[in-house]
Amino acid sequence: MFRTLGGHGADPVRVPDAEAAAAAVATVSPLKDSERLALLDSFEQSGVAWLWSTDAEGRVTYLSPTASECLAGAGTILGQPFGKLFETVRDGDHEHGGRPLSFMMSARTRFSDQTVRLQRVEGASPEAGKEMWWSLSGKPHFNHKQEFQGYRGSAKDVTATYQQQRDRSRMAEYDSLTGLANRHRMNRRLDAILTAYRVEKRSCALVMLDLDRFKAVNDTLGHPAGDELLRQVGQRLQRIVPESAEVGRLGGDEFQIILPDIDDRGRLGDIANRIIQMISQPYSIEGSRATIGTSIGVAVAPYDGIEPAELVKATDLALYAAKGGGRGQFRFYSNDLKETAQDRREIEEDLRDALARGELEMHYQPSVDARTHIVRGFEALMRWNHPERGMMSPAVFIPIAEDSNLIEELGEWALRQACKDAAQWPSDICVAVNVSAQQFANDDLPQIVSRAIAAAGIEPRRLELEITESVFMGDAGTTDAMFQRLRKLGVKLALDDFGTGYSSLSYLRRAPFDKIKIDQSFIRGCSEPDDTACAIITAIVSLAKAMNMTTTAEGVEALDELDQIAGLGADLVQGFIFSRAVGQEDVLDKLESGELRYEPVGPAKHRADRRTLFRRVGVIHEDHHYSAMLRDLSRTGARIEGLVDVPVGTQLVLDLGEGQLVVGTVQRSQDATQGLSFETPLVSDGAGGLCTRHRVSPYMLASAGMPLQALPAGHYAPPVERRSSQSRPRFLQVDITMGSARAG
């Protein structure tokens with residue numbers, strides 16, 4: 001006469017079975033109908049369980065009064081479809097109670113302990129609208145002719161126990177700090193999505209990001225502030241990503257985003273750039289201001305991985321590459337990243353011994369007057385003359401030094417060497433040295449600077465420290481104190497890369513800067529008629545003049561850019577148009593000649609970046625696949641060598657490897673060289689490179705008989721139906737490496 005209620009999401013509860021109770025009472029002592037009804041009324045009013053019934057069409061014919069009040073308040077339940085009063089409970093990916101209630105009732109199936117959520121009945125009172133869960137049991141009822149008459153059953157309110165169970169389940173699947181999905185749930189979701197999408201031949205992007213300079217927030221503002229920062233980051237991510245995405249926190253400052261049905265790398269790049277921009281905006285935490293950044297890795301299934309572990313590994317490598325490229329950027333996965341990761345480990349090991357072996361050098365790029373082109377100073381830039389790799393740019397090894405805690409040692413050496421070299425220059429020419437955020441946070445920095453100046457015997461005013469805006473992310477009091485200590489030394493201070501993500505006018509009020517350096521991203525294309533960079537540059541120049549600061553425009557390469565910058569009022573110019581960074585001997589030769597003026601040398605007009613390359617690519621024409629050498633590549637076109645007598649107007653498909661095919665039309669053709677314009681422009685890969693928006697799907701290759709796998713490195717020659725030799729194009733293919741030619 002008792003049975004168990006509760007089912008999924010509720011603790012088991014032993015309650016009387018109404019039919020069994022009535023039968024038991026009848027066997028002990030017969031009851032009158034009035035007594036039996038009174039007993040059932042008492043049972044229903046106790047709230048332990050309720051009774052319900054429907055007709056053959058599934059309409060409610062009876063529901064205990066207290067249960068009816070829960071559903072409809074003063075409204076009516078009788079006559080309404082029973083199945084529409086409830087919603088079968090779903091929790092994430094799992095459905096409690098098996099099949100939907102309406103399905104089982106239409107199949108006339110007996111059910112027990114089915115957990116459902118109450119739907120608000122139209123016309124019900126507001127009190128009846130609160131969220132509730134019931135456990136339903138029922139069985140079909142037939143007359144003596146075995147004709148279906150409807151359902152009879154019982155119900156139990158399991159709201160409290162279900163909510164407790166749901167909260168426990170949520171704690172196991174969600175991060176308690178941010179409310180985002182945790183690692184366990186993200187792994188399970190990714191596995192479920194990739195399994196389903198493999199059957200449906202759909203794509204799914206995976207984004208991995210971690211926060212740059214988050215550790216400094218914990219160190220300067222404390223762990224509670226760090227926790228609050230993580231909460232705010234989670235909130236920003238949820239506002240940025242598409243509705244279909246799921247955001248999770250894997251632990252620490254690592255976040256992951258699943259983006260179903262997105263494989264357009266142009267769109268993914270836009271999403272990644274927006275995340276970087278939004279995460280980099282300042283945070284207000286307990287009255288303090290914190291600024292961080294983020295690096296992002298992106299991989300897409302099935303192109304970069306079929307299995308979850310494979311895709312996660314690809315995303316990790318892309319993130320690793322983004323951080324190695326200087327942080328604050330995104331990177332798509334490509335097969336060459338495996339080699340890059342190994343190179344990075346080897347570089348880190350070699351870098352630890354580079355100082356002792358004397359492999360590091362300081363090179364200097366001139367900073368000249370924007371109108372007279374007279375040199376006013378030099379920026380010191382570190383170079384590494386690696387015994388095997390040759391001369392290495394700081395863009396390669398400085399990020400590695402920052403990650404491996406070598407940056408302070410390298411920074412101190414750079415200060416000493418730059419001051420020592422500047423001592424050999426005329427006394428009116430200064431030297432600028434970059435100071436990283438890690439160096440700036442070192443309490444001994446003023447003593448290090450002072451010792452470098454004293455050892456070289458130069459005036460403190462000749463040393464200019466270039467500081468990035470990221471130093472302002474820490475404790476304001478500590479930052480201000482460091483600025484004052486450096487100022488007392490008599491050195492000059494410059495704000496580097498102004499306007500690239502952390503800019504705030506409050507920095508300029510607080511810090512005693514002598515100079516603002518306008519980042520080269522504003523210089524690129526500033527001469528274009530519809531470019532808005534001119535307005536930004538004008539505003540920066542005006543602001544600097546109002547605060548008695550000078551301005552330097554970085555990265556000027558074209559003559560029209562130089563004219564534009566000079567016309568906008570910038571004081572100094574730095575860039576390839578005057579000189580690349582050169583060694584101390586070249587600087588001394590220039591200064592000793594007495595000719596302190598630099599002549600601008602560069603293209604007349606700025607043009608879109610064109611990368612000079614030297615690598616083989618595939619060329620597809622109709623049903624034939626050739627090999628050629630890629631010389632130049634831009635977003636809208638390329639120059640190739642390897643095919644002779646290709647008519648202008650011919651359409652070719654360039655196979656850039658890893659499933660990247662781009663359609664181009666021959667615009668220029670001379671001997672073995674062709675210039676192509678692309679039908680669809682390439683997009684940024686986040687690290688200064690270019691890639692196609694879309695790739696050949698592994699599902700397509702699998703349907704052509706190839707194994708289903710992530711796209712391999714190298715050229716992709718699609719399966720084609722071979723035609724007769726008469727229809728074959730008469731290109732002459734040139735083997736560049738061998739210097740021979742043969743008919744194609």
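Predicted model: local features only at pLDDT ≥ 70, side-chain atom pairs only at ≥ 80, totals over all residues.

Residues are numbered from 1 along each chain as its sequence is written, and side-chain values use heavy atoms, with hydrogens and water left out.

**Two helices**

Let us begin with helix α13 (residues 407-422) and helix α15 (residues 445-456), whose axes come within 8 Å and cross at roughly 30°. Helices here are DSSP runs of H or I with at least four residues, strands are runs of E with at least two, and both are numbered from the N terminus. Axes are lines fitted to C-alpha atoms, for helices over the stretch in contact, and angles run from 0 to 180 degrees between N-to-C directions. The two helices α13 and α15 are therefore roughly parallel to each other (angles under 35 degrees count as such). From α13, the contact is made by Glu412, Leu415, Arg416, Cys419 and Lys420; from α15, by Ile448, Val449, Arg451, Ala452, Ile453 and Ala456. Contact means heavy atoms within 4.5 Å.

**A five-stranded sheet**

Next comes an open sheet of five strands, ordered β12-β13-β11-β16-β17, with mixed pairing. Two strands pair if DSSP finds at least two bridges between them. β12 (246-251) and β17 (330-332) stand at the edges with a single partner strand each, so one side of each has no neighbour in the sheet. On average, neighbouring strands of this sheet are turned by 20° against each other, direction ignored. Strand β11 (residues 204-212) pairs with strand β13 (residues 254-260) in the antiparallel sense over seven bridges, and Asp210 has Glu254 of β13 as its bridge partner. Helix α9 (residues 265-279) lies across β11, β13, β16 (293-301) and β17, and runs at about 160° to β16.

**Two residues up close**

Leaving aside neighbours within four places in sequence, Gln439 is in contact with residues including Ile407, Glu412 and Leu445. With the C-alpha atoms of Tyr62 and Leu78, the separation is 6.6 Å, though the two residues are 16 residues apart along the chain.

Key:
Parallel < 35°, antiparallel > 145°, perpendicular 65-115°, else oblique.
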